[in-house]
Amino acid sequence: MAKVLALTDLHLTADGARIIGLDPWDRFEAVLVRALADHPDADCLVLMGDLAHRGEAAVYRRLAARLARVPIPVIPMLGNHDRREAFRASIPGMPLADGFVQTARDTGPARLLALDTLDGPPYAGAAGRLCATRLAWLDRELAGAAGRQVVLFLHHPPFAVGLPGMDRIALADPEALLSRLRAHGRTHLVAGHIHRTISGSAGGVPWTVLKSPCHQAPLDLVTPDSTLSIDEPGAYGLLLLTAGGIAIHSEDATLPRPDRGHDKASA
Ligand SMILES: [Fe+2]
C-alpha cells in the first residue's frame with residue numbers, strides 16, 4: 001500500500017494578514033506537522049493549489065523555505081489565487097511540463113497526475129481552464145499509465161457540487177476532461193477549490209473534494225457568493241492506494257488530539 005498526503009487551499013498571506021480571523025500560516029503549520037508526524041511513511045505530499053492568497057512572490061519564497069524542511073517529495077499545484085510567473089520565479093526546481101505547473105509520479109500501484117487548471121495569464125477570473133497543450137500532456141500521461149489506477153489531482157472541480165457561488169467558478173468545459181477519463185477508466189479525481197469535504201461522481205468518474213487547512217465553505221445551497229467562509233477545523237487528506245483501489249480520508253488536524261476511548265457497551 002502506498003500513502004499520499006494532500007493539502008489544498010493553503011491561502012498563505014503576506015505580512016501576517018488573517019482570513020476571517022485565522023492565520024493561514026499557523027493553520028498550515030499545524031496541519032502539516034500533524035500530517036507528517038502521523039504518516040512519516042507517506043510517499044509524497046501534494047499541495048493542491050491556492051498556495052498564496054494573492055499570488056505574492058514573497059509568500060512563495062517563504063513557502064519554499066518551509067518545504068525545504070519537508071522530508072518527503074512535494075508536488076505543488078496552482079489554483080486561481082496563484083500566479084504562475086511569481087511561483088516559478090520564487091520556487092525554483094519545481095516540476096513543470098510545457099511551462100505549466102504539473103507533473104506525473106508513479107507510486108505503488110497508481111499513477112498520480114497533478115494538472116494545472118489555472119486560467120491565465122491574463123488572469124481574468126476565478127474559474128479553471130485547460131487548453132490544448134495541457135490536454136495533450138494529459139493524453140500522453142494517461143497513455144503511459146500502463147494499466148495503473150490513475151489519481152488525477154486538480155484544483156478546479158470539473159463538476160458542480162451544489163454551492164451556487166462555487167459552481168460558477170468550476171472548471172470550464174469539463175467534458176473535455178471527463179471524456180478522456182471515462183475512455184481511460186480506473187481514474188479517481190481529487191479536487192480542491194471548494195473548501196469542503198465532498199464526494200461523488202461525474203459521468204461515471206468518481207471524485208473527492210478535500211477541504212482546506214484554513215477556512216472552509218458553509219453548506220449554503222442558495223447564496224451565489226464564492227467568498228462565503230466559516231471557521232471550522234482545518235484538515236489534510238490521506239490517500240491509501242492499493243492494487244484493488246483507493247481509500248481517501250480527511251483528517252481534522254487543528255483540534256487537540258482527542259483521547260481514544262472505547263465503546264464499553266459493544267466491548
Ligand atoms: Fe481556495
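**Rings and charges, pair by pair**

Biologist: Is Y60 buried or exposed, and what is its relative accessible area?

Modeller: Y60 is buried, at a relative accessible area of 0%. Buried means under 20%, exposed over 50% and partly exposed in between (1.4 Å probe, protein chains only). This is a predicted model, where local features need pLDDT of at least 70 and side-chain atom pairs pLDDT 80 or more, while totals for chains, interfaces and linings use all residues. Residues are numbered from 1 along each chain as its sequence is written, and side-chain values use heavy atoms, without hydrogens or water.

Biologist: How many aromatic pairs are there?

Modeller: Rings of Phe, Tyr and Trp (its six-membered ring) pair when their centres lie within 6.5 Å; planes under 30 degrees apart are stacked, over 60 edge-to-face, the rest tilted. That gives two aromatic pairs here. Y60 and F87 have ring centres 5.5 Å apart and planes at 90°, so they are edge-to-face. Y60 belongs to helix α2 (residues 57–67) and F87 to helix α3 (residues 84–90), 27 residues apart; helices are DSSP runs (H or I, at least four residues), strands likewise (E, at least two), numbered from the N terminus. F87 is buried too, at 1%.

Biologist: And how are F159 and W207 arranged?

Modeller: They are stacked, 4.0 Å centre to centre with 10° between the planes. F159 is in the loop between β6 (149–154) and α5 (164–167), and W207 is in strand β9 (residues 205–209), so the pair ties together parts 48 residues apart in sequence. Both F159 and W207 are buried.

Biologist: Which ring lies under the charged end of R62?

Modeller: For a charge over a ring, look for NZ of Lys or CZ of Arg within 6 Å of the ring centre and within 35 degrees of the ring normal. R62 sits over W25, 3.8 Å from the ring centre, and R83 over Y123, at 4.1 Å.
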